[in-house]
Amino acid sequence: MKIFIDTANLDMIREINSWGILDGVTTNPSLIAKENTDTPTRVKEIAKIVDVPISAEAMSLDAEGMIREGRELSSIHPNINVKLPMCIDSLKATKVLSEEGIDVNMTLIFSAQQALLAAKAGARYVSPFVGRLDDIGMYGTEVLNQIVGVFFNYGFETEVIAASIRNPIHVLEAAAAGCDIATIPYNILQQMVSHPKTDEGIQNFIKDYEKSKK
Ligand code: E4P
């Protein structure tokens, strides 16, 4: 499974890239606002740091605006794909943009039916939001299983990005479902590294090594 980082913070992107595990970056308007910047400026900066796909979200809600923004964003750098929110206009825009060779990441996906339509319109990625489904008492992971199953049945090449990841179990469930990608916040990536038994084991090895030197 590919690992993307879900952030617009440059230091976090640099740090995770230095771990040797980074396959991509996703941003959204909320993550960009946290950094007090704007999407075109920030994705240009990200593209200078890492050579991986970067999602930049368009803000238009009509197909014509999405197509215009999509062309503008993708012209910033070849690694940039355009995030569009799932709706009828974004399906129309995806059709046009994908035929022009511009990758679309269809975001705010909450059902396999939505993912099926996005794939048929030509989306390169779909982003089902696991955590936000859990938030409303639904089983987010189940939607991942359904989407992966539907895409497998019909041979869609659209990649499934498990998004809205809130804990390391979500990552495990995304991998078990067969998602192509999980986009993961920085703090969750750090949590995935740690295990109390690893820390305990390191401390014990150091203690025994010190003893053996005496
Ligand atoms: C990623 O593409 C999404 O923008 C992100 O994962 C949303 O996560 P949240 O539900 O924690 O805001």
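1. Basis. In this predicted model, local features need pLDDT of at least 70 and side-chain atom pairs count only at pLDDT 80 or more, while totals for chains, interfaces and linings use all residues. Residues are numbered from 1 along each chain as its sequence is written, and side-chain values use heavy atoms, with hydrogens and water left out.

2. Arg 124. Arg 124 lies in the loop between α6 (112-121) and β6 (125-128); helices (H or I, at least four residues) and strands (E, at least two) are DSSP runs numbered from the N terminus. Arg 124 counts as partly exposed because its relative accessibility is 33%, the class between buried (under 20% relative accessible area) and exposed (over 50%), with a 1.4 Å probe and protein chains only.

3. Surroundings of Arg 124. Apart from neighbours within four places in sequence, Arg 124 is in contact with Asp 103, Val 104, Glu 157, Thr 158 and Glu 159 (contact: heavy atoms within 4.5 Å). The C-alpha atom of Met 66, 58 residues away along the chain, is separated from that of Arg 124 by 16 Å.

4. Ile 21. The loop between α1 (10-18) and β2 (24-26) holds Ile 21. With 31% relative accessibility, Ile 21 counts as partly exposed.

5. Cysteines. The structure holds 0 disulfides (a disulfide: a pair of cysteine sulfur atoms within 2.5 Å). Cys 87 is partly exposed, at a relative accessible area of 26%, whereas Cys 179 counts as buried at 5% relative accessibility.
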